[in-house]
Amino acid sequence: MSALIEDDEIVHEVDLVWLEDLSQLDYVRQSLDRLPTRRGKPAYRRDGRMVGYALLGSEAKPSRSSGTFRRRVFWLLPHDRDTVPDGLYATGAPAEAVDPRTLAPGSKGRRTGRSEGGEPAERELGIPVPR
């Protein structure tokens, strides 16, 4: 869950790779996965689809016990709002979800009105929205 990701766990991120257009996504789910490499597209073994992943710099050290690296993976499930707009997450969002527009390397992002299915992010930022 996003709330469980600590800043020091993502400090070695150097880039985020997006596989889809973020302007079409109100939220993405994020998790820290144990992966065999610092870079490259990871294998995806969940329901749904991977929409992005983090790349780590050369200073990131593997786990002493497993030899793996903890990297963020961003994903969506088949019942998420982008696929089923009037479904379970028509309002609200999963616990591990954040607005992808608030994400950056080394920053865990945050929830916004848009990610919660309410007001668009533009209103939160005080940008006038045409009516």
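This is a predicted model: local features need pLDDT of at least 70, side-chain atom pairs count only at pLDDT 80 or more; totals for chains, interfaces and linings use all residues.
Residues are numbered from 1 along each chain as its sequence is written, and side-chain values use heavy atoms, with hydrogens and water left out.

Back to R101, which sits in the loop between β5 and α1; helices (H or I, at least four residues) and strands (E, at least two) are DSSP runs, numbered from the N terminus. With a relative accessible area of 36%, R101 is partly exposed, where buried means under 20%, exposed over 50% and partly exposed in between (1.4 Å probe, protein chains only). Leaving aside residues up to four places away in sequence, R101 touches L22, S23, L25, D26 and R114, a contact being heavy atoms within 4.5 Å.

S115 is placed in the loop that runs between β5 (97–98) and α1 (121–124). S115 counts as buried because its relative accessible area is 0%. Not counting residues up to four places away in sequence, S115 is in contact with D26, Y27, R81, G92, A93, V98 and D99.

Now for the sheet. It is open and built from 5 strands in the order β1-β3-β4-β2-β5, with antiparallel pairing. β1 and β5 are at the edges with a single partner strand each, so one side of each has no neighbour in the sheet. Two strands are taken to pair if DSSP finds at least two bridges between them. Strand β2 (residues 28–35) and β5 are joined by 2 bridges in the antiparallel sense, while β2 and strand β4 (residues 69–76) pair, also antiparallel, over 7 bridges. R29 stands opposite A97 in β5 and opposite W75 in β4. V28, for its part, has V98 as its bridge partner in β5. As for cover, 7 of the 8 residues of β2 are buried.

At the other end of the numbering, D7 belongs to the segment before β1 (13–18). Its relative accessible area is 48%, so D7 is partly exposed. D7 and S107 are 100 residues apart along the chain, yet their C-alpha atoms are separated by 6.9 Å.

Finally, the pocket search. On a 1 Å grid over the protein atoms alone, a pocket is an open set of points where a 1.4 Å probe fits, with protein on both sides within 12 Å along at least five of seven lines; lining residues have an atom within 4 Å of a point. The largest pocket has a volume of about 180 Å³, a volume being the space filled by probe spheres set on the points. Its lining comes to 15 residues, with E9, H12, K61, F69 and R70 nearest the centre. That lining divides into 6 nonpolar, 3 polar and 6 charged residues.

Terms used:
Ala, Val, Leu, Ile, Met, Phe, Trp, Tyr, Cys and Pro count as nonpolar, Asp, Glu, Lys and Arg as charged, and the others, Gly among them, as polar.
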